[in-house]
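Here is a briefing on one model.

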Amino acid sequence: MILVSACLAGVACRYDGKANTQEKIVQLVNEGKAMAVCPEVLGGLETPRASCEQVVDEQGHIRIMNIEGEDCTETFEKGAEITCQIAQLISADMAILKQRSPSCGCGKVYDGHFRGQLIEGDGLAAQKLKSLGIRVLSEEDLDTI
Ligand code: SF4
């Protein structure tokens, strides 16, 4: 079973109330081969919501801040934890997640200054899924699947 970002499956759960629909992901869900989850909604955030990015604090820890300066780290960690619980419940061996998200990003995330600049890194949910041994890809890898 594959875990996928809900916004890739057509769910309008992005921070701006939109989706990032990828027809191949929709097809996987419709065929019963994939389950769609949104870590940020699972963590308790509303849609739409203020955009968030990862920042590294003075102690070197990753924090998730929204564009209004509020620390949302706990909510994101809760969402990532629930996402991992679901992944384990469905015995997911792969996840296809939305690139660049502070939750779902896989290899690239925004740099924390809300200026559209990318740095290397994974979103919190992607990090935790990888730590469980789950293969994590992004929609940019769809052609390789
Ligand atoms: Fe999509 Fe993941 Fe952001 Fe939810 S948390 S909107 S699934 S990228």
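How do the residues of the shell around the ligand divide into nonpolar, polar and charged? They divide into seven nonpolar, three polar and four charged. Here Ala, Val, Leu, Ile, Met, Phe, Trp, Tyr, Cys and Pro count as nonpolar, Asp, Glu, Lys and Arg as charged, and the others, Gly among them, as polar.

This is a predicted model: local features need pLDDT of at least 70, side-chain atom pairs count only at pLDDT 80 or more, and totals for chains, interfaces and linings use all residues. Residues are numbered from 1 along each chain as its sequence is written, and side-chain values use heavy atoms, without hydrogens and water.

**Ligand site**
- Cys7, Cys13, Cys38, Glu40 and Cys104 come nearest to the ligand, out of 14 residues around it (a heavy atom within 4 Å).

**Nonpolar cores**
- A nonpolar core is a set of buried (under 20% relative accessible area, 1.4 Å probe, protein chains only) Ala, Val, Leu, Ile, Met, Phe, Trp, Tyr and Cys residues joined through side-chain atoms within 4.5 Å.
- The largest has 15 residues; Leu3, Ala87, Ala95, Leu97, Leu129 and Val136 touch the most other members.
- Helix H3 (73–89), strand S5 (94–97) and helix H4 (124–131) each give two or more residues to this core. H3 gives the most, with three.
- Helices (H or I, at least four residues) and strands (E, at least two) are DSSP runs, numbered from the N terminus.

**Gly60**
- Gly60 lies in the loop between strand S3 (52–56) and strand S4 (62–66).
- Gly60 counts as partly exposed because its relative accessibility is 47%, between the 20% and 50% limits.
- Gly60 and Val136 are 76 residues apart in sequence and 24 Å apart in space, C-alpha to C-alpha.
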